[in-house]
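Take a look at the chain below. We will start with its overall order and then move to single residues.

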Amino acid sequence: MKKDRLDLSKENIKKLHDRCKKSDDDLYTFLKKEFPEMIIEERLKYLATVLNDHFEDYEFDKNAERINDEGYSIVKFFPKKDRSI
């Protein structure tokens, strides 16, 4: 990925989604760890695109505390874990 442009291609979004599923983090925390130098608005574009393409693979607890980052209040979306183990 070029540092000066977001890669919102289906392939890249799928890779991010797959890596997030392997983590124990919510989607935003995962993206913040993956892209620590990225400005928040770009990170939120990734979050929105991943959720747009893979919404059914995420869940949220409406009672969970939100993440507050640079004035944004962000809902924690966690990847659904494979329950067929």
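What pattern does the chain follow when read along the sequence? The order is α-α-α-β-β-β-β. That comes to three helices and four strands. The radius of gyration is 13 Å, close to the 12 Å that the globule rule gives for 85 residues, so the chain is as compact as a globular protein of that length. Keep in mind that this is a predicted model.

Next, the overall dimensions. Along the principal axes, the C-alpha atoms fill a box of roughly 40 × 30 × 20 Å. The accessible surface of the chain is about 6,100 Å². Carbon and sulfur atoms hold 49% of that surface. Of the 85 residues, 34% are buried. Now consider the contacts with a separation of 6 or more: 54% of them join residues 24 or more positions apart.

Now turn to helix α3, residues 40–54. Why does its length agree with expectation? The helix has 15 residues, and at 1.5 Å a residue these should span 21 Å. The expected span is 1.5 Å times one less than the number of residues. The end C-alpha atoms of α3 are 21 Å apart, so the two values agree.

Which residues of α3 are buried? They are Ile-40, Arg-43, Leu-44, Tyr-46, Leu-47, Thr-49, Val-50, Leu-51 and His-54. What do these buried residues pack against? Among the helices, their partners are α1 (10–22) and α2 (27–34). Among the strands, they pack against β1 (58–59), β2 (67–69) and β3 (72–74).

Stay in α3 for one more residue. Asp-53 lies in this helix. Is Asp-53 buried or partly exposed? Its relative accessibility is 23%, so Asp-53 counts as partly exposed; buried would require under 20%. Leaving aside residues up to four places away in sequence, Asp-53 touches Lys-10 and Ile-13. Lys-21 is 32 residues from Asp-53 along the chain. The C-alpha atoms of Asp-53 and Lys-21 are separated by 14 Å.

Helix α1 holds another aspartate, Asp-18. With a relative accessible area of 25%, Asp-18 is partly exposed.

The backbone of Glu-70 deserves a look. Its phi is near 50°, a positive value in a residue other than glycine. Most residues other than glycine have a negative phi. Where does Gly-71 stand relative to Leu-16? The two are 55 residues apart in sequence, and their C-alpha atoms are 25 Å apart in space.

How values were computed
Residues numbered from 1 in each chain as written. Predicted model: local features only at pLDDT ≥ 70, side-chain atom pairs only at ≥ 80, totals over all residues. Heavy atoms only, no water. Helix = DSSP H or I, 4+ residues; strand = E, 2+ residues; numbered from the N terminus. Buried < 20%, exposed > 50% of the residue type's maximum accessible area, 1.4 Å probe, protein only. Contact = heavy atoms within 4.5 Å. Rg over C-alpha atoms; globule rule 2.2 N^0.38 Å. Areas by Shrake-Rupley, 256 points an atom, 1.4 Å probe, with all protein chains shown as cover.
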